Amino acid sequence: MPFPNQRFIPTRMDMTESLPAALDTVIDPISGKGLIASGRSTAPRFDDGTVSVVVDVTGLSGDARSKLEAAVKQALIAVPGVETVRVAMTAEKRGRKIIAVGSGKGGVGKSTLSANLAVALKRMGKKVGLVDADIYGPSQSKLLSTEGMRPTAQGDKMDPVMSPFGVPMLSMGQLVKPGQAIAWRGPMAANALGQLIDADWGDTEILILDLPPGTGDIQLTMVQKYKPVGAIIISTPQDLSLIDATRAVTFFNQANVPIIGMVENMAGYACPHCGEISDPFGQGGAQAAAMSMALGFLGRIPLDIDIRTKSDAGTPPAADEDDTIFAGLATKVLAWLNPAKPASFT
Ligand code: ADP
């Protein structure tokens, strides 16, 4: 029978359950799940009254991070036997970072964005590669001017082909004849896509993953297996397209992939004859949707005949000296990946 004032001295065994349980009562603002269930944190370390815990805060704003840190401290200090709580916030996941580019439906500019984002990031000095996982319409070989180039294999790993823009890439279109993969069942397609991602990417830091449009089994298998650090969702401003985009948001939330933000494509049309700006698909819909879902908004790409003709010609507009559109998107993505605050115990 312990005396009322006796200090409670827990064993490590006591703590192996109580600490993770306490940590899991703190909710990750992106997935809405506990910190352990969402993968943001693993079991804390406990030593002589001190708990040390690492929390991955990738994708959270400075304000959200501070709140999370306070909530973690509050939850852990309440566990009997805990005297000190040390929290380290980190936004750096080790290894290559996969960024998934998704859309609720086809034809909204997902492949165009993927190619140009990769080129813009490369121009900003990043080592970036691209995987064209769009089994329904692989188009990256055309967009990045690598048509006719075939990947070689070393042992059981493929070697990506190098595009003239310094972005190594692999595409479903290089593995199968046009139209063939559409007939594949989920596991077969996922298997082939896995080979593209598991290829020998060398020192590539960021891998852009151009997902098939939609939110089906193949997409789910891909994101569960390869755990992108974040996802970008592209939509046109139309209502119908936005309903699909909302589905994509739900999909990434359920798969525990943080959403980097939304991009609005084909917003505002500049008439090549008179220069007048019109909005065939409306404007601002994706931004409004992003705001209503508390998501980041990365920017707007205008409907511009130049974007289509340059894409068709295999000369991505992001490679132009005077590109500001894709450079602007890339800057925001980098800011999301490398938030200013370094990891440190507090
Ligand atoms: P998805 O990958 O979503 O199916 P794509 O990137 O292949 O869409 O784009 C579909 C078509 O629209 C392509 O012909 C592309 O060149 C064109 N396109 C995409 N974005 C724009 C834009 N902002 N302005 C003009 N054409 C565009």
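1. The protein has an accessible surface of about 16600 Å², and carbon and sulfur atoms account for 55% of this area; such areas come from the Shrake-Rupley method with a 1.4 Å probe, and for residues only the protein chains shown count as cover. The model is a predicted one, in which local features need pLDDT of at least 70 and side-chain atom pairs count only at pLDDT 80 or more, while totals for chains, interfaces and linings use all residues. Residues are numbered from 1 along each chain as its sequence is written, and side-chain values use heavy atoms, with hydrogens and water left out.

2. Of its 346 residues, 49% are buried, where buried means under 20% relative accessible area, exposed over 50%, and partly exposed in between, with a 1.4 Å probe and protein chains only. Contacts are heavy atoms within 4.5 Å. Among those between residues at least 6 apart in sequence, 71% join residues at least 24 apart.

3. Thr 112 places a polar side-chain atom 2.5 Å from an oxygen atom of the ligand. For Asn 265, a polar side-chain atom lies 2.8 Å from a nitrogen atom of the ligand. Asp 304 takes part through its backbone, a polar atom of which is 3.0 Å from a nitrogen atom of the ligand. Taken alone, the ligand exposes 560 Å², and the protein buries 80% of that.

4. The largest nonpolar core has 39 residues, and those with the most contacts inside it are Val 131, Leu 193, Ile 197, Ile 233, Phe 252 and Met 262. A nonpolar core is a set of buried Ala, Val, Leu, Ile, Met, Phe, Trp, Tyr and Cys residues joined through side-chain atoms within 4.5 Å. Elements giving two or more residues to this core include strand E4 (97-102), helix H6 (186-197), strand E10 (206-210) and strand E12. Helix H8 gives the most to this core, with six residues. Not counting residues up to four places away in sequence, Phe 252 touches Ala 100, Leu 211, Val 223, Ala 231, Ile 233, Val 257 and Ile 259. Apart from this core lies another, of 36 residues, among them Ala 115, Ala 118, Leu 121 and Ile 208.

5. Two backbone values should be noted. Most residues other than glycine have a negative phi. Lys 227, not a glycine, has a positive phi of about 40°; Lys 227 lies in the loop between H7 and E11 and is exposed, with a relative accessible area of 59%. Asn 256, also a residue other than glycine, has a positive phi near 60°. Asn 256 sits in the loop between H8 and E12 and counts as partly exposed because its relative accessibility is 28%.

6. Ser 141, in helix H4 (residues 140-143), counts as buried because its relative accessibility is 13%. Leaving aside neighbours within four places in sequence, Ser 141 is in contact with Thr 146, Glu 147, Met 169, Ser 171 and Gln 174. Ser 163, in the loop between strand E8 (161-162) and strand E9 (168-171), is buried at 4% relative accessibility. With neighbours within four places again left aside, Ser 163 is in contact with Leu 144 and Thr 146.

Terms used
A polar contact is a pair of N or O atoms within 3.5 Å; within protein, one must be able to donate a hydrogen and the other to accept it, and residues adjacent in sequence count only if both atoms are side-chain atoms. Helices (H or I, at least four residues) and strands (E, at least two) are DSSP runs, numbered from the N terminus.
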